[in-house]
Amino acid sequence: MARTVGCLLLLVSCWCGLAAAARPSAAAGGGNAGFVRAWCAGTEYPALCDATLSPYAAAVGGSPARLACAALNVTLAGARNATAAMRGMAAAAAGRLPPVAAEAAGDCVSMLGDAVGMLRQSVEAMAQVGAEAEQGHAQERTVRFQLDTVRTWASAALTDGDMCMEGFRGEAAGGGGVREAVRGHVAGLLHLTANALCIVGAMANQTAPP
C-alpha cells in the first residue's frame with residue numbers, strides 16, 4: 001500500500017508538472033498563457049482562475065488534462081489552508097464561542113478534512129487520466145468514466161465547503177463576526193473548487209460522443 005501511494009504521489013508531482021513549477025513566475029508560459037486564459041474564461045470566477053493558474057502555463061502547455069490537474073492541485077492546497085485556518089480558529093476560540101458555534105466550528109473542520117480527502121483523490125485520478133492519454137493507453141469510455149468520478153469527488157468537496165458555511169448561518173453560531181471570519185477562510189476554497197469543476201467539465205465535454 002505504501003509503495004502504491006508513493007507511486008501515485010510521484011505521478012501527480014511529475015505528470016502535472018507542478019514540481020517543476022514550484023516557484024512560478026508571472027511571465028511563465030509565454031504563449032501558453034493564452035491557452036489558460038481561454039479556458040478560464042468559461043469558469044465561474046475567470047479572474048481568480050487566471051490569477052491562480054497562469055503561473056503554471058509553461059507546465060500546462062496546451063493540455064486540458066494538465067490544466068485540470070493544476071486546477072485541482074491549487075484547489076487541494078486551498079482546502080488544506082482552509083482546514084488549517086478553521087482548526088486554528090476553533091482552537092483559539094475554545095471556551096469563548098457559544099456552544100452552538102463551537103459545535104459548528106468542529107463540524108466545519110471535519111467537513112473540510114473530508115474535502116481535502118476528496119480533492120486528493122481527484123488529483124490522483126486526473127493525473128492518471130492525463131498520463132494514460134499522453135502515453136496513448138487511454139480509451140474514450142474509460143476517460144469519460146474517470147472524469148465523471150473526478151467531478152463526483154470535487155462536487156462532494158464543494159458540498160462539504162457549503163455545509164461548513166451553512167453551519168454558521170444562524171445568529172447563534174455566526175454572530176459576533178464569526179460568520180464573516182469563516183467566510184474569509186472558506187469562500188476562496190469554494191470559488192477554486194467551482195473553477196476546477198468547470199475546467200474538468202469542459203474537458204469531459206470534449207471527450208463526450210457526438
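The salt bridges in this predicted model number 3. Let me go through them in order along the chain.

R37 pairs with D50, and their closest N and O atoms are 4.0 Å apart. Which parts does this pair tie together? R37 sits in helix α2, residues 32-40, while D50 sits in helix α3, residues 46-53, so the bridge links parts 13 residues apart in sequence.

Next is R151 with D148. Here the closest N and O atoms are 2.9 Å apart. Both residues belong to helix α7, which covers residues 140-166, and they are 3 residues apart, about one turn of the helix. R151 has a relative accessible area of 27%, so it counts as partly exposed. D148 is also partly exposed, at 39%.

That leaves E166 and R169, whose closest N and O atoms are 3.5 Å apart. Are these two residues buried or exposed? E166 is partly exposed, with a relative accessible area of 42%.

Now the helix I mentioned, α9. It runs over residues 178-207, 30 residues in total. From the first C-alpha of α9 to the last is 44 Å, close to the 44 Å expected at 1.5 Å a residue. Where does α9 bend? The bend is at G184, and it is about 35°.

That is what I have for today.

Key: Residues numbered from 1 in each chain as written. Predicted model: local features only at pLDDT ≥ 70, side-chain atom pairs only at ≥ 80, totals over all residues. Heavy atoms only, no water. Helix = DSSP H or I, 4+ residues; strand = E, 2+ residues; numbered from the N terminus. Expected span 1.5 Å × (residues − 1). Bend = angle between axes of the 7 residues up to and from the residue. Salt bridge = Lys/Arg side-chain N within 4 Å of Asp/Glu carboxyl O. Buried < 20%, exposed > 50% of the residue type's maximum accessible area, 1.4 Å probe, protein only.
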